[in-house]
Amino acid sequence: MGGLVGKYAGGPEHLPLPLTWQGRDGLLDPEPDPRLAAVRMLPRVARPEAVQQLAGFLYTENTPKILVAALQAMAVMRPPEYGEAVERHVAHADPNVAVEALAALDAMGYPHAMFPAGPGARSVAGFVSHPSTPVRRRAIELLIASARPAALEYLEAALFDRVPMNRALAARGLGEMGLTAAVGALGPLLKDGRPDVRREAAVA
């Protein structure tokens with residue numbers, strides 16, 4: 001994929017800087033658990049070199065679970081100058097990685113990451129119809145967190161998710177967002193076979 005993010009000066013070869021913050025050895029550890037722990041502590045490290053090192057880390061790490069954590073850290077720290085390091089994972093084979101990359105780009109201020117720019121364009125919203133139940137749920141969570149009216153049509157679609165937990169989440173999210181236009185779509189859920197889904201629809 002391409003086009004969501006422009007090039008930044010220097011390129012990836014200039015990203016890895018000398019590590020000077022506590023926990024720096026974790027990112028370089030050959031074992032995955034120390035790398036994961038180091039990545040998870042990064043949002044608490046208020047140092048520019050930590051952000052730069054994480055961006056460089058995104059060019060070398062291959063473990064999906066760790067990439068997910070690294071992309072979530074980027075979403076918290078929101079350094080827009082390192083969007084290219086994030087965008088390279090938008091087309092990742094693991095959808096859990098891809099959706100977090102798009103969410104990070106959205107948090108960093110790049111347009112068309114949460115909602116598609118056109119037919120076939122990847123976006124967080126597009127994962128609402130993904131075959132994987134956890135991926136669909138994560139997309140629903142991110143759409144709710146976005147608190148944008150454009151999420152309405154995708155959350156309405158999620159009301160018909162085959163998994164009750166996802167239907168309930170979408171109903172709850174529409175209620176939390178106060179999207180009155182969704183009242184009609186919530187009606188059928190009042191007769192849903194699952195009491196938790198009916199409850200969320202009624203509250204919404």
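1. In this predicted model, the buried residues of helix H4 (64-77) are Ile-66, Leu-67, Val-68, Ala-69, Ala-70, Leu-71, Ala-73, Met-74, Ala-75 and Met-77. Because 10 of the 14 residues of H4 are buried, the helix is largely enclosed by the rest of the structure. The partners against which these buried residues pack are helix H2 (32-41), H3, helix H5 (83-87) and H6.

2. The geometry of H4 is close to expectation: its 14 residues reach 20 Å from the first C-alpha to the last, against the 20 Å expected at 1.5 Å a residue. Arg-78 follows H4 and has a positive phi, near 55 degrees.

3. Helix H3 (48-57), one of the packing partners of H4, is itself mostly covered, with eight of its 10 residues buried. The buried residues of H3 are Glu-49, Ala-50, Val-51, Gln-53, Leu-54, Ala-55, Gly-56 and Phe-57.

4. Between Gly-56 and Tyr-82 the C-alpha to C-alpha distance is 9.1 Å, although the two are 26 residues apart in sequence.

5. Glu-61 lies in the loop that runs between H3 and H4. This charged residue is buried, because its relative accessibility is 6% and the limit for burial is under 20%. The side chain of Glu-61 makes a polar contact with the side chain of Arg-35, at 2.7 Å. When neighbours within four places in sequence are left aside, Glu-61 is in contact with Arg-35, Ile-66 and Leu-67. Of these, Ile-66 and Leu-67 are among the buried residues of H4.

6. The largest pocket has a volume of about 150 Å³. Its lining comprises 14 residues, and those nearest the centre are Ala-75, Ala-103, Ala-107, Arg-138 and Leu-142.

7. The largest share, five residues, comes from H6. H6 is also one of the helices against which the buried residues of H4 pack. By class, the lining of the largest pocket has nine nonpolar, two polar and three charged residues.

Conventions: Residues are numbered from 1 along each chain as its sequence is written. This is a predicted model: local features need pLDDT of at least 70, side-chain atom pairs count only at pLDDT 80 or more; totals for chains, interfaces and linings use all residues. Side-chain values use heavy atoms; hydrogens and water are left out. Helices (H or I, at least four residues) and strands (E, at least two) are DSSP runs, numbered from the N terminus. Buried means under 20% relative accessible area, exposed over 50%, partly exposed in between (1.4 Å probe, protein chains only). A polar contact is a pair of N or O atoms within 3.5 Å; within protein, one must be able to donate a hydrogen and the other to accept it, and residues adjacent in sequence count only if both atoms are side-chain atoms. Contact means heavy atoms within 4.5 Å. On a 1 Å grid over the protein atoms alone, a cavity is a set of points where a 1.4 Å probe fits but cannot get out, and a pocket is an open set with protein on both sides within 12 Å along at least five of seven lines; lining residues have an atom within 4 Å of a point. Grid points are joined across faces, edges and corners, and a volume is the space filled by probe spheres set on the points. The expected span of a helix is 1.5 Å times one less than its number of residues.
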